[in-house]
Amino acid sequence: MTMRRPIILLLLAPAVLLVGLLFVAPLVGVMSLTVHDGTSFTADPIRELLDSRVALVVLERTFMLAASVTAICLLLGYPAAYFMSTLRPRVRAYVTYLILLPFWVSILIRTYTWIVILGREGIVNTGLGALGLAPVQILYTNVAVHIGMVQILLPIVIITCLASMLDIDKDLMKAARSLGASPAQSFWKVFFPLSVSGAATGGLICFILSLGFFVTPALLGGRRSIIIANLIDLQVHQTLNWGFAAVLATALLAITLACLGVFWLLMRRRVEFSGAGLGR
């Protein structure tokens, strides 16, 4: 074992060096701007964040948007994944290909497609006009942002939930039915608890990805749906306030890591509770 350890470390060295140069070093550089302006240490960027009501509102809007998009993706993705888990393997493979098909198209192209569909003269309003109904304003609203983000993130949630569901032994459901449980009871008391971890993982991935969205809110929401990534871009490219942009990015990273920590603690306690229950 001691002879193999240097070889393992040698094999890991290029990957560690690459991560350090391309991720850790830039991250440290950005975080240093929150307390150093290039000539001296300062707390002005942090003070500016705490005093800026706009930044706090945008930060709150970002997390509310991420939470609502995650909830919608779970509500739509979990039933779809459960349905796919009941299909035959060959049919399930074809359905999986269809779900992954949007990943072959650029996010930018998909977002512009939604502009065509949801615009004032788009397909939706054209259909409403054909039915004699008044057009509705969907584009450049939070509704359009939710539609665009859900369409992009939903396949990720479905595949993550499906992976955990396929690992569940279907004989457990049959055993519950043989003991007198109804189909609903066997689902909620056997299948659902076993699939919660996969759904939670998919929701967490969706939530974290939602926090960093930039193109979709900018194109579909306009100025009414500015989130933290758009505000950081504004500070970097227009106001040239790199210190404030750095503190915004650092705050977003810190809150994201806090959410990851809470998720890890909850999942750990759930595993310990399940283990204690099995021990009895």
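**Reading the features**

A: We begin with burial: Thr96 is buried, because its relative accessible area is 16% and the cut-off for buried is under 20%. The model is predicted.

Q: Where is Thr96 found, and what does Thr96 touch?

A: Thr96 is found in helix H4, residues 89-100. Leaving out residues up to four places away in sequence, Thr96 touches Met84, Ile159 and Leu162.

Q: How many helices and how many strands are there in the protein?

A: The protein has twelve helices and zero strands. Its pattern along the sequence is α-α-α-α-α-α-α-α-α-α-α-α. The radius of gyration is 24 Å, well over the 19 Å that the globule rule gives for 280 residues, so the protein is more spread out than a compact globule. Along the principal axes, the C-alpha atoms fill a box of roughly 75 × 75 × 35 Å.

Q: Which residues of helix H11 are buried?

A: Helix H11, residues 228-237, is mostly covered, with seven of its ten residues buried. The buried ones are Ile228, Ala229, Asn230, Leu231, Ile232, Gln235 and Val236.

Q: Where does Leu33 lie, and which residues is Leu33 in contact with?

A: Leu33 lies in the loop between helix H1 (4-32) and helix H2 (44-51). Leaving aside neighbours within four places in sequence, Leu33 is in contact with Pro45, Trp242, Gly243 and Ala246. Leu33 counts as partly exposed because its relative accessible area is 28%, and that class runs between the 20% and 50% cut-offs.

Q: What is there to read in a phi angle?

A: Most residues other than glycine have a negative phi. In this protein, Tyr140 has a phi near 65°, a positive value in a residue other than glycine. Tyr140 lies in the loop between helix H6 (123-130) and helix H7 (142-166). With 38% relative accessibility, Tyr140 counts as partly exposed.

Q: How many disulfides does a search of the whole structure find?

A: A disulfide is a covalent bond between the sulfur atoms of two cysteines. The search of the whole structure finds zero disulfides. Cys161 is in no disulfide, and its nearest cysteine sulfur, that of Cys73, is 10.0 Å away. Cys206 is in no disulfide either; its nearest cysteine sulfur is that of Cys73, 3.8 Å away. The cut-off is within 2.5 Å, so a pair of sulfur atoms must meet that to count.

Q: Are Cys161 and Cys206 buried or exposed?

A: Cys161 counts as buried, at 1% relative accessibility. Cys206 counts as buried, also at 1% relative accessibility.

Q: How far apart are the mean positions of the positive and negative charges?

A: The protein has 20 positive and 11 negative charges, and their mean positions are 14 Å apart.

Terms used
Residues numbered from 1 in each chain as written. Predicted model: local features only at pLDDT ≥ 70, side-chain atom pairs only at ≥ 80, totals over all residues. Heavy atoms only, no water. Helix = DSSP H or I, 4+ residues; strand = E, 2+ residues; numbered from the N terminus. Rg over C-alpha atoms; globule rule 2.2 N^0.38 Å. Lys, Arg positive; Asp, Glu negative; His and termini not counted. Charge placed at Lys NZ, Arg CZ, Asp CG, Glu CD. Buried < 20%, exposed > 50% of the residue type's maximum accessible area, 1.4 Å probe, protein only. Contact = heavy atoms within 4.5 Å.
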